[in-house]
Amino acid sequence: MSQFAPHFPASFGRYVEPFVGGGAVFFHLHNLGQLEGKDVVLLDRLEELVNCYRVIKGRVEDLIAALREHEPHKMDAGYYYELRAWDRQPGYGLRSDVERAARFIYLNRTCYNGLYRVNRKGQFNVPFGRHQNPNVCDAENLRAVCQALQGVELLVGDFSLCREWAGQGDLVYLDPPYHPRSATANFTSYTLSDFGVEDQQRLARLFRDLDQGGCRVL
């Protein structure tokens, strides 16, 4: 953030972030009060992530209760693999939004290196991690995130959708998956559809279009 800070414009219209991920820039700007009274659109292609944000925004106490049921099992590899296997079962789509969000956070906190990766079937496939004491239910932080998300529009979709909201004077922050440095360093499987060379080229064109349309793009 210290490297980014000099590049944030002093004033801007709405804030649009089409690869929200962990939302570090959004939360930074929120905590500085720079998003107060502004329209904010947060977008990501990962449905499980956006569902988690929506649950935090609208049902945070239910989520905290669900996480407290998982918390006693944070060092239990067997329990981890049981939860990980949910998306391999036919009834996963019938799970409630709260159940899926709690699973998402539990897996993130207890998996190897906090990675999010799926196989070709869209199934989460990161192994159990080695943690001393993972914080599965950070209730205070979840409630703070809930407050930060009030009034924020949360959407699932391709980054190109930001064209629908971003206009002259708006701030657009782009944080795409990294382009691999070599053929063997190709971790781009955050979603079922990899983020490949053509996506990077589409993103470059979008960047130019937004810039030419008067957006502030970082």
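Contact means heavy atoms within 4.5 Å. The exercises below use that meaning. They work on a predicted model.

**Exercise 1. Which residues of H1 and H5 meet, and at what angle do the two helices pack?**

Step 1. Locate helix H1 at residues 24–31. Helix H5 covers residues 139–149.

Step 2. List the contacts. Phe 26, Phe 27 and His 30 of H1 meet Val 145, Ala 148 and Leu 149 of H5.

Step 3. Sort these residues by class. The contact has 5 nonpolar residues, 1 polar residue and no charged ones.

Step 4. Read the geometry. H1 and H5 pack at about 80°, with axes 11 Å apart. Angles of 65 to 115 degrees count as roughly perpendicular. H1 and H5 are therefore roughly perpendicular to each other.

**Exercise 2. Describe how H2 packs with H5.**

Step 1. Helix H2 spans residues 47–70. Its axis and that of H5 are 8 Å apart, at an angle of about 165°.

Step 2. Apply the cut-off. Angles over 145 degrees count as roughly antiparallel, so H2 is roughly antiparallel to H5.

Step 3. The crossing of H2 and H5 is left-handed.

Step 4. Name the residues. On the H2 side are Tyr 53, Ile 56, Lys 57, Val 60, Glu 61, Leu 63, Ile 64, Leu 67 and Arg 68. On the H5 side are Ala 139, Leu 142, Arg 143, Val 145, Cys 146 and Leu 149.

Step 5. Count by class. The contact of H2 with H5 holds 11 nonpolar, no polar and 4 charged residues.

**Exercise 3. Are H3 and H4 roughly parallel or oblique to each other?**

Step 1. H3 covers residues 77–84. H4 covers residues 97–110.

Step 2. Their axes lie 10 Å apart and form an angle of about 135°. H3 and H4 are therefore oblique to each other. Their crossing is left-handed.

Step 3. H3 contributes Tyr 79, Tyr 80, Leu 83 and Arg 84 to the contact. H4 contributes Arg 103, Tyr 106, Leu 107 and Thr 110.

Step 4. By class, this contact of H3 with H4 has 5 nonpolar, 1 polar and 2 charged residues.

**Exercise 4. Is Arg 103 buried or exposed?**

Step 1. Arg 103 sits in helix H4.

Step 2. Check its relative accessible area, which is 4%. Buried means under 20%, so Arg 103 is buried.

Step 3. List what it touches beyond four places in sequence. Arg 103 touches His 70, Leu 83, Arg 84, Trp 86, Asp 87, Tyr 92 and Phe 124.

**Exercise 5. Where does Asn 113 lie, and what is its phi near?**

Step 1. Asn 113 lies in the loop between H4 and H5.

Step 2. Its phi is near 60°, a positive value in a residue other than glycine. Most residues other than glycine have a negative phi.

Step 3. Asn 113 has 57% relative accessibility, so Asn 113 counts as exposed.

**Exercise 6. Describe the surroundings of Gly 13.**

Step 1. Gly 13 lies in the segment before strand S1, which is 15–17.

Step 2. Its relative accessibility is 29%, so Gly 13 counts as partly exposed.

Step 3. Beyond four places in sequence, Gly 13 contacts Lys 38, Gly 169 and Asp 170.

Step 4. Cys 215 is 202 residues away along the chain. The C-alpha atoms of Gly 13 and Cys 215 are separated by 9.2 Å.

**Exercise 7. Where does pLDDT stay under 50?**

Step 1. Take the whole chain. Mean pLDDT is 92, and 94% of residues reach 70 or more.

Step 2. Find the low stretch. pLDDT stays under 50 over residues 186–192. The model has 23 contacts for this stretch beyond four places in sequence.

Step 3. Read with care. Where pLDDT is low, the predicted coordinates should not be read in detail.

Terms used
Residues are numbered from 1 along each chain as its sequence is written. This is a predicted model: local features need pLDDT of at least 70, side-chain atom pairs count only at pLDDT 80 or more; totals for chains, interfaces and linings use all residues. Side-chain values use heavy atoms; hydrogens and water are left out. Helices (H or I, at least four residues) and strands (E, at least two) are DSSP runs, numbered from the N terminus. Buried means under 20% relative accessible area, exposed over 50%, partly exposed in between (1.4 Å probe, protein chains only). Axes are lines fitted to C-alpha atoms, for helices over the stretch in contact, and angles run from 0 to 180 degrees between N-to-C directions. Angles under 35 degrees count as roughly parallel, over 145 as roughly antiparallel, 65 to 115 as roughly perpendicular and the rest as oblique. A crossing is left-handed if the near helix is turned anticlockwise from the far one by less than a right angle, and right-handed if clockwise. Ala, Val, Leu, Ile, Met, Phe, Trp, Tyr, Cys and Pro count as nonpolar, Asp, Glu, Lys and Arg as charged, and the others, Gly among them, as polar. pLDDT is the predictor's confidence in each residue, from 0 to 100.
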